[in-house]
Amino acid sequence: MLLTVLSWLCSSLLASVSGGKLPEAEVKIEVLHRPFLCHRKSKYGDILLVHHEGYFENGTMFHSSRIHDNKQPVWFTLGIKEVIKGWDKGLQDMCSGEKRKLVIPPVLAYGKEGKGKIPPESTLTFVIEAIDIRNGPRSHESFQEMDLNDDWKLSKREVKEYLKKEFERHGYPPNDTLHENMVEDIFAKEDENKDGFISSREFTYKHDEL
């Protein structure tokens with residue numbers, strides 16, 4: 001408890017000395033390619049299909065979806081912490097077919113702990129290409145399509161069925177484990193009263209804390 005109080009006091013002192021809040025870490029974004037036609041841009045709640053390469057500061061590659069992951073691009077939902085914060089921040093307003101270079105500071109990557117082959121306090125560079133962008137279960141546009149019985153609330157079954165349909169629609173096999181994990185993440189954040197349903201009032205594609 002004492003350590004918590006001391007930490008809070010130190011943070012408050014630093015903020016007051018600097019004249020306000022400490023500056024937030026930023027992702028450096030460089031657009032390497034953007035298609036001439038952009039029919040939609042990514043937003044929190046969308047499902048993105050991406051190829052990616054990751055590099056350490058010295059230029060050494062530590063991962064590539066074109067070499068690893070069965071050489072397949074990966075799906076994830078933007079803005080619900082399925083990926084590191086730097087991706088959630090750096091891949092907004094992206095077009096399908098666009099390629100970006102993200103330079104991500106440790107606090108928006110794997111922080112003081114590191115992960116696997118990523119050492120603690122590592123600044124990472126990613127080259128990411130968006131292959132496809134689709135409405136996700138946290139998009140307002142999807143609510144009515146997901147609400148199969150028109151009762152103005154979503155069950156876990158309805159959300160999972162929507163995910164399966166979206167994957168199949170675009171030629172990808174259903175992935176029950178991935179779908180269930182995504183559903184659990186969504187309900188943990190959206191189901192405010194914990195009644196096992198997401199009401200139309202609770203439903204949103206963007207939260208301030210994301």
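In which hand does H4 pass H5 in their crossing? The crossing of H4 with H5 is right-handed. The model is predicted.

**Helix pair**

Helix H4 covers residues 156–169 and helix H5 covers residues 176–190. Their axes come within 10 Å and cross at roughly 135°. H4 is therefore oblique to H5. On the H4 side, the contact is made by Lys156, Val159, Lys160, Leu163, Lys164 and Phe167. H5 contributes Asp176, Leu178, His179, Glu180, Met182, Val183, Glu184, Ile186 and Phe187. Sorted by class, this contact has eight nonpolar, one polar and six charged residues.

**Largest pocket**

The volume of the largest pocket is about 490 Å³. Its lining has 16 residues, and those closest to the pocket centre are His52, Val83, Trp87, Tyr110 and Lys115. Two elements give two or more residues to the lining of the largest pocket: strand S3 (61–64) and strand S4 (74–77). S4 supplies the largest share, three residues. By class, the lining of the largest pocket divides into 10 nonpolar, two polar and four charged residues.

The class counts for the two sites are set out below.

| Contact of H4 with H5 | eight nonpolar residues | one polar residue | six charged residues |

Terms used. Residues are numbered from 1 along each chain as its sequence is written. This is a predicted model: local features need pLDDT of at least 70, side-chain atom pairs count only at pLDDT 80 or more; totals for chains, interfaces and linings use all residues. Side-chain values use heavy atoms; hydrogens and water are left out. Axes are lines fitted to C-alpha atoms, for helices over the stretch in contact, and angles run from 0 to 180 degrees between N-to-C directions. Helices (H or I, at least four residues) and strands (E, at least two) are DSSP runs, numbered from the N terminus. Angles under 35 degrees count as roughly parallel, over 145 as roughly antiparallel, 65 to 115 as roughly perpendicular and the rest as oblique. A crossing is left-handed if the near helix is turned anticlockwise from the far one by less than a right angle, and right-handed if clockwise. Contact means heavy atoms within 4.5 Å. Ala, Val, Leu, Ile, Met, Phe, Trp, Tyr, Cys and Pro count as nonpolar, Asp, Glu, Lys and Arg as charged, and the others, Gly among them, as polar. On a 1 Å grid over the protein atoms alone, a cavity is a set of points where a 1.4 Å probe fits but cannot get out, and a pocket is an open set with protein on both sides within 12 Å along at least five of seven lines; lining residues have an atom within 4 Å of a point. Grid points are joined across faces, edges and corners, and a volume is the space filled by probe spheres set on the points.
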